[in-house]
Amino acid sequence: MDLSKQVTTVESFRCYFEGGNAGTTTQGSHSIKRVIEDNRRRYRMILADAAERIELGLSALPSTKSTSIVDNAVVDAIQEYYQTDAITFTAQDDSDVNKDHLAAWITELFKLRAKKNAFWVWHLQSLKAGFVDGIEAGMVRWRKESYTYPDNHYFYLPAGTEISEQEYKAARKEYPLTIDGPFDPSKGRPAKIKIKFNEHYRAERNKKERVVADTWECIQLKPGENLLWDFKNPLLDLNRGQWCIVILQMQAEEILSLSKNGVFNKITIEELKPYLAANAASSNKSNYIDNTALGTDPDTVDMGDYNTAEVWVAFEKKNCQWKVDFSLSGQKELLEDGSVNKLFFNDRPFDQLPVAMGASDVGLWEALGRVIPRLIAPIEDESIDHRNNINDMAKQAATGKYRVNDDSDVDINSMLNDKYFYAKPGEVEKLDFAQEMAVVMRAGDLTSSDIASLAPVSMADNQLVGRGNARDTLGGVQLALGGNDKKLNARLLVRNITFMEPMLRIIAENIMAFETSQSIGRVAAKNAKIDMTGITDVVDGQTVIDFSQLDFDAEVQVNAGLGNVPKQQKADKLIRYTDWGEAHGVPLDIEEIDKQIKVLNGFNEDQFILPVEKRQGPTAPPVEDKMVLNVTFADLLLFEPDAARQLLKKAVAGAMQVTTNVKDEKTPAYLKPDPGTPSQPAMAAHRTAEMPQGEMGGA
């Protein structure tokens, strides 16, 4: 796309986006820009006619409903996306087990990178933009930042040792050396030998690269502001259009670096300065403040503006292939007719844009979906008027209402606000008027109830409605909350299809194309339980991860939205299934189940795990061996006296189980009990004593 076409395309899109007659009172009512600005104004609680109300002395309290509903929706949504199994990658070819394992590897690579590259911060901002604007967009690129530093080594050759740089520099001053050599008879003295510095010392000068950042990143885009698309395409799928332009703020250092590396055309800092100054002037004109921005600081004045330039990234489809041009504000070409597959996906045949745009509620008959602020706008406007009327009535009830004579010189401000005021008798008359506040409040509750029925999130703080209303009952409230949860899930389902899944596919392609970190690759493979021998190779005697195996068609699954089980119920069901699986001998991965349960209960998956070095094996239960010895007293008398005595002692002390078979004809008389003694009945057949093992357990 040449420069003139880029400028014309941008102007045409601005006219479409602003609805024609931009900046005038006749600007189109169907303007997408007007709808988005109205949504943002409501979210930021800015009242449209606040100045007029204040001038008339009326209340100008904005509504908090759009803000609270959007924030609740974002909180509920981000919790669903953050679950362990919320985002997973799979292989399109489900018949190849190896590709399934590699897809699990990509999932773990994504999780590790997402925790370190501010993905969740971007996701939170994008969710809020989607629920407020009704449309959200993002761009994915791989960002690598590194620098080189000297890695020099110095050696003293005679000793074969490595020395420091200081020692190397100090030794250079002493050379060349002159030493005595072999004796020279002709001169009658030893020969002199000169030794050069490099004969004793050697320096190896190398350069190493230190990587500061090497990861994919998501860039939030504002549709209509820094993302322009082919508006002839009725759907939000950018790849179905013929062109797309992204406007980025790039630092001068990054532009020069890309020029030095051959990505951009050659450009010097002097050529770049006019565009840096122009960008700073456009950002700082009249100290411009964007009241519709969603950021915490709406002031766009920043000293960094003097170091950034506006770069247009113009995508155009040619012969079913996406090409890209880079330019400085559509005025100076930086790159012409580059391949998107080559620049953004390292020559992988992805054939898709690195940009995605979607919505949470698509209305094909409208310019964009009916988002939360716009959905409740009519009732919210009524609620705002009602709220301010109640506030004005409350003020009148507190201060009272008075009739003052025309010719009176009473100070009205003193009369209303001070404890005392000066007036002549008959100059001031206090009027009595009845206020049906209960009826008024009930009407306000009804408007809150109507908004709760429209909003796709729980309105727990507005459950009270007027008496006689069916939604006042507990069952009615529960049904309303359940319906609101379904509405939120339906919005997330639409968002996943139109925006989240395309963004994650672009991220997966970036991982396949550019991932090279050995440490992250190993950790991710371990988490995915992949056999390392299958994904490693030996290079220069070292075992390295072979990322070239990540070359297959991947799909993404987002388990958030319609049909997703609430996390508390999911945790309970998982615990019950674990019990059932163990009872029926199902081979379960207890570690993975443990991670799932912790995440579903709001903890990190690696919490409460005892370090390996502190772990101890299970304590073996004590061995309760018992010795059973069957001897008759006649046999016992055949033992050596000392051995027989020890056996009898152990038996009496309970150290072993001894079963004695007593036979009258061989039993000594002194061991026979008296048959006539009741406390010692005659022995029947045997006597048994059983006690725990003692020190003779091993005898």
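Pro-176 is placed in the loop between H7 and strand E4 (177-184), where helices (H or I, at least four residues) and strands (E, at least two) are DSSP runs numbered from the N terminus. A cis peptide bond, with omega of about 5 degrees, joins Tyr-175 and Pro-176. The structure is a predicted model, in which local features need pLDDT of at least 70 and side-chain atom pairs count only at pLDDT 80 or more, while totals for chains, interfaces and linings use all residues. Residues are numbered from 1 along each chain as its sequence is written, and side-chain values use heavy atoms, with hydrogens and water left out.

Two residues have backbone angles of note. Most residues other than glycine have a negative phi, and most peptide bonds are trans. Ser-329, which is not a glycine, has a positive phi near 55 degrees. Ser-329 belongs to the loop between strand E10 (321-328) and E11. With a relative accessibility of 19%, Ser-329 counts as buried; buried means under 20% relative accessible area, exposed over 50%, and partly exposed in between (1.4 Å probe, protein chains only). Lys-529 is likewise not a glycine and has a positive phi of about 60 degrees. Lys-529 sits in the loop between helix H17 (518-527) and strand E15 (536-539), and Lys-529 is partly exposed at a relative accessible area of 47%.

The chain as a whole was described by several totals. The chain holds 21 helices and 20 strands. Its length is 699 residues, of which 38% count as buried. The accessible surface of the chain is about 41,000 Å², and 53% of that surface belongs to carbon and sulfur atoms. Accessible areas come from the Shrake-Rupley method with a 1.4 Å probe, and for residues only the protein chains shown count as cover. Among contacts (heavy atoms within 4.5 Å) between residues at least 6 apart in sequence, 68% join residues at least 24 apart.

Strand E2 contains Tyr-156, which is partly exposed at 26% relative accessibility. Apart from neighbours within four places in sequence, Tyr-156 is in contact with Thr-161, Ile-163, His-200 and Tyr-201. Tyr-156 and Tyr-201 are 45 residues apart along the chain, and their C-alpha atoms are separated by 4.8 Å.

Salt bridges were counted next. A salt bridge is a side-chain nitrogen of Lys or Arg within 4 Å of a carboxyl oxygen of Asp or Glu, and by this rule the count comes to 28. One of them joins the side chains of Glu-209 and Lys-144, with an N to O distance of 3.8 Å. Glu-209 lies in strand E6 (residues 201-221) and Lys-144 in strand E2 (residues 136-156), so this pair ties together parts that are 65 residues apart in sequence. Both partners are partly exposed: Glu-209 has a relative accessible area of 46%, and Lys-144 has a relative accessibility of 48%.

In another salt bridge, the closest N and O atoms of Glu-165 and Lys-169 are 3.3 Å apart. These two residues both lie in helix H7 (residues 165-172), four residues apart, which is about one turn of the helix. Glu-165 is partly exposed, with 35% relative accessibility.

The side chains of Lys-318 and Asp-337 also form a salt bridge, at 3.3 Å from N to O. Lys-318 lies in strand E9 (residues 308-318) and Asp-337 in strand E11 (residues 332-339), so the pair ties together parts that are 19 residues apart in sequence. Lys-318 is partly exposed with a relative accessible area of 31%, and Asp-337 is partly exposed with 39%.

Asp-93, Asp-94, Asp-100 and Asp-553 form a negative surface patch. Patches are made of residues with over 30% relative accessible area and no salt bridge; like charges are joined within 9 Å, and nonpolar side chains (Val, Leu, Ile, Met, Phe, Trp, Tyr) within 5 Å. Lys and Arg count as positive and Asp and Glu as negative, while His and the chain ends are not counted. The place of a charge is taken as NZ of Lys, CZ of Arg, CG of Asp or CD of Glu. Within this patch, Asp-94 lies in the loop between strand E1 (87-91) and helix H5 (97-114). Asp-94 is exposed, with a relative accessible area of 64%.
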